[in-house]
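Please examine the sequence and the model shown below.

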Amino acid sequence: MSTLDELSAAGIASADPQLRARFNHDFFNSGASPELVLAPRSLAEAREAIQAAAASGLAVVPRGGGMSYTGGYVAAGQQRFALVDLRGLTAIDLSSADDGIVVVEAGVTWHQLWEVLKARGLRANFWGPLSGLTATVGGGLSQNAIFWGSGQTATAGDAARGFEIALPDGEILRTGVLARSAERTGVRHFGPDLTQLFVGDAGRFGVKLRIALAVMPLPQATGGLSFSFAAPEALLAAMGDIARAGLAAQQVGFDPVLANLRSRRQSLGEDFKTLTRLLRGQGSILKGLRDAAGVTLAGRGFLEGAGFTLHAMCEARSERSLRELLAEVTDIAGRHGGTGIENTIPTVMAAAPFTPLNGVIGPNGERWVPVHGLFQASRAAAAYRNYLDTLDVHREIMERLSISSAALFSAAGPGVIVIEPMFFWPDALEELHRETLEEKVMKRTKPVPANPEARDAVAALRRAVVDAWAPLDPGHLQVGRSYPFAQRLDSTQRRLFEGIAALVDPLGRSNPGALGLECPRGAP
Ligand SMILES: Cc1cc2nc3c(=O)[nH]c(=O)nc-3n(C[C@H](O)[C@H](O)[C@H](O)COP(=O)(O)OP(=O)(O)OC[C@H]3O[C@@H](n4cnc5c(N)ncnc54)[C@H](O)[C@@H]3O)c2cc1C
């Protein structure tokens, strides 16, 4: 085993104060700086670094693209820790592609994976969150991400076929198709499979080094439709019916506040320019998209006054099947009182799925943070109402501190609607924002002073929304250190989860506190 000094000499470990300070916050939470930043460039280096840090008494906190806001890699406690920056692990193994599997190292971004697979006519069954330009596959599986492909393959975890995980003692645990051989993939089905236990674990149960994902051929035909609804119940009922029938590869909906915010965004104007440029490129997929969807590039502002809007993206193996899907979607939307509007949003999104993450601030440079819940489709309208009622209760403080809120809707699989309220407030940006925003956006964003009072109020609002939803029994992704996963376990479940944590991590070194799971008794 290497020592930390040897790892420092090899350029893998660094105690540089500036570097450490870059890793003490996410988009919403901040905490202590790591004592060391470990930046391995190979699987062997990662294993060595994790083992050496844990052996020297440091907790090990994994970080992928860092594109989260639920404190998963922001250590809150007193424990000294090393942060493992996994972005240096970038290999993609296509040798099992003909068997429907790709094996990627944890630091590969969803955008990189999409580009590499596209060249082979393939795509992962779940192919990334909207943050996929920077967010990693390892982070996505540890959050159980949703969006691209979620119509059919609800979450990242549903596309997972196996993991290779480094435990703090340096042992390697392999699951699923990787269980029986490190060199080649095998068949997953052989008794119980441990893979799903590590999906959405926020890195609490170890560091994912390699991930096996299911892949499928790219669709031959794609198209999108947009509709406007007068009331949220109608929009959510239409989304539920479209989801249940499996008609859309992705659905996204905006409440009127979000629709107005989006149309005010400079970046939307830029999206149009990007799309026009892409369409002029006459690439066959994009040309097909333009012809099939009958794209009309509506100007900015077309969403203003459109009420609740739904944007459905469909995919099929032929133009004929696509037309049938689009007709069914139109039929369902019509039955719920939806009227067709320009399909610019789904067209822009599908043409450029991984765009720069300028949405990490609001349209006027405000700070931004979302909260979300996953609901059975039949409870989605009640959940949206609960959210609005919660805003009403906090209206006075929101007005006093200039906090605004808007909601996004999406679907994850056949029966689940995701409601994602977002909060915006005036506050200073963090280093992570400056690293993430495009330079031109950063330049036009006026600096404002830190506003801890508003930030605390937003934290309380997020908690209030989650509490208001509890009677509807929602699910939550991105648990990190924010959602009450451990509190909602019954005593049997808690005993089992704490037992698993104790088995993989007897000394309490593996991202302690994530998932809200306590360290084993007696751990330092
Ligand atoms: C603008 C924007 C849009 C977004 N859109 C979406 C969306 O469409 N869908 C969605 O689901 N989320 C979305 N997110 C949230 C977030 O980006 C995703 O959940 C994403 O998957 C995070 O990946 P990451 O690599 O950045 O993970 P990080 O933020 O680095 O880490 C997230 C968690 O995973 C753990 N972790 C990271 N890598 C590993 C590893 N290799 N092994 C074990 N644990 C690890 C960390 O400790 C932490 O607990 C969005 C965020 C932003 C800022």
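This is a predicted model: local features need pLDDT of at least 70, side-chain atom pairs count only at pLDDT 80 or more; totals for chains, interfaces and linings use all residues.

Residues are numbered from 1 along each chain as its sequence is written, and side-chain values use heavy atoms, with hydrogens and water left out.

**Terms for helix packing**

- Two packed helices are described by the angle between their axes and the distance between the axes.
- Helices (H or I, at least four residues) are DSSP runs, numbered from the N terminus.
- Axes are lines fitted to C-alpha atoms, for helices over the stretch in contact, and angles run from 0 to 180 degrees between N-to-C directions.

**Helices α7 and α13**

- Helix α7 (residues 232-244) packs against helix α13 (residues 380-393) at an angle of about 140°, and their axes are 9 Å apart.
- The two helices α7 and α13 are therefore oblique to each other (angles under 35 degrees count as roughly parallel, over 145 as roughly antiparallel, 65 to 115 as roughly perpendicular and the rest as oblique).
- Pro232, Glu233 and Leu236 in α7 meet Ala380, Ala381, Tyr384 and Arg385 in α13, where contact means heavy atoms within 4.5 Å.
- The residues of this contact of α7 with α13 comprise five nonpolar, no polar and two charged (Ala, Val, Leu, Ile, Met, Phe, Trp, Tyr, Cys and Pro count as nonpolar, Asp, Glu, Lys and Arg as charged, and the others, Gly among them, as polar).

**Helices α7 and α11**

- The axes of α7 and helix α11 (residues 319-335) come within 9 Å and cross at roughly 150°.
- Helices α7 and α11 are therefore roughly antiparallel to each other.
- Ala238, Asp241 and Ile242 in α7 meet Val329, Ile332 and Ala333 in α11.
- The contact of α7 with α11 has five nonpolar, no polar and one charged residues.

**Helices α13 and α17**

- Helix α13 and helix α17 (residues 452-469) pack at about 140°, with their axes 9 Å apart.
- This angle makes α13 oblique to α17.
- Among the residues in the contact are Tyr387 and Leu391 of α13, and Leu461 and Trp469 of α17.
- The contact of α13 with α17 has eight nonpolar, two polar and no charged residues.

**The ligand**

- Of the 35 residues around the ligand, Pro62, Gly64, Ser68, Thr136 and Ile146 come nearest (a residue is near a molecule if one of its heavy atoms lies within 4 Å of it).
- A polar backbone atom of glycine 65 is 2.8 Å from an oxygen atom of the ligand.
- An N or O atom in the side chain of glutamine 143 lies 3.1 Å from an oxygen atom of the ligand.

Notes. A polar contact is a pair of N or O atoms within 3.5 Å; within protein, one must be able to donate a hydrogen and the other to accept it, and residues adjacent in sequence count only if both atoms are side-chain atoms.
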